[in-house]
Structure formats: C-alpha cells, structure tokens
Amino acid sequence: MGPSINRRRLLQMGAGAGLGVAMPSLAMPGIARASTKTITAVMHAPLRATDPIMTTAWTARNHGYMIYDTLFSTNSKFEIKPQMVEAWEVSADNLIYTFRLRPGLKFHDGS
C-alpha cells in the first residue's frame, strides 16, 4: 500500500499542481506579443563598451555581431561563409585580397 495522504500533503500537491499550470505564463510573459518580431537579449554583464575591437568582453562581441555586418561569417556548422562579400580574389603572391561586395549594401552615411 502507498503512502497515506493527509491534509498537509494534499495541500502541497494542490499548490504544486496550481504552480505547474501557472508556470508557463509566469516564465514567458511576452508570449502574447510574439508576433511583433522583437528580439530581447539578456546579457550576463552590462555593455560597457560598444566597440568590439577595443575590448575583449563577450558582451561587446555579441553586441557587435547583432548590429554590425561583417565580410564573412560562420554558419551553424562553424563553416566560414561570405556575408557582405559577393566574390573575392587573392593575388598569386597571397599579398593582395580583392573583395566585391553584394549589391544593395549601404554604409552608415547612405553611400
């Protein structure tokens, strides 16, 4: 025969079941707004510098990847793939690299 259920155990089970039902709405309060296509990132530390070249902080690196475009990037398999680059050439002596950017890219000043 299993353990007997007393009033305290019954209240504990009821509270646990109620919390289990309420947990998804407590854990994800913005689920109703999911169609707005907003990405919210919570960093493990404050962003103290926005230039990823100037600092070695991972928050600056992650921030940089979210707002700056790069010539090449890595995909989910860590393979290097062109991002802003449409084509590239390397000179015979490996000293000169020529990159042709994709059409439609604009710099911060609109050019």
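Student: Which residues form a nonpolar patch on the surface?

Tutor: This is a predicted model, where local features need pLDDT of at least 70, side-chain atom pairs count only at pLDDT 80 or more, and totals for chains, interfaces and linings use all residues. Residues are numbered from 1 along each chain as its sequence is written, and side-chain values use heavy atoms, leaving out hydrogens and water. A patch takes residues with over 30% relative accessible area (Shrake-Rupley, 1.4 Å probe, only the protein chains shown as cover) and no salt bridge, joining nonpolar side chains (Val, Leu, Ile, Met, Phe, Trp, Tyr) within 5 Å and like charges within 9 Å. Together having about 670 Å² of accessible area, the patch residues are L71, W88, V90, Y97, F99, L101 and F107.

Student: Which element gives the most to the nonpolar patch?

Tutor: Strands here are DSSP runs of E, at least two residues, numbered from the N terminus. Two elements give two or more residues: β3 (85-90) and β4 (97-101). With three residues, the top giver is β4.

Student: Is F107 buried or exposed?

Tutor: F107 sits in the segment after β4. Buried means under 20% relative accessible area, exposed over 50%, and partly exposed in between. At 53%, F107 is exposed.

Student: Which residue forms a salt bridge with E86?

Tutor: A salt bridge needs a side-chain nitrogen of Lys or Arg within 4 Å of a carboxyl oxygen of Asp or Glu. For E86, the closest N and O atoms are 3.4 Å apart, and the partner is R100.

Key: Helix = DSSP H or I, 4+ residues; strand = E, 2+ residues; numbered from the N terminus. Buried < 20%, exposed > 50% of the residue type's maximum accessible area, 1.4 Å probe, protein only.
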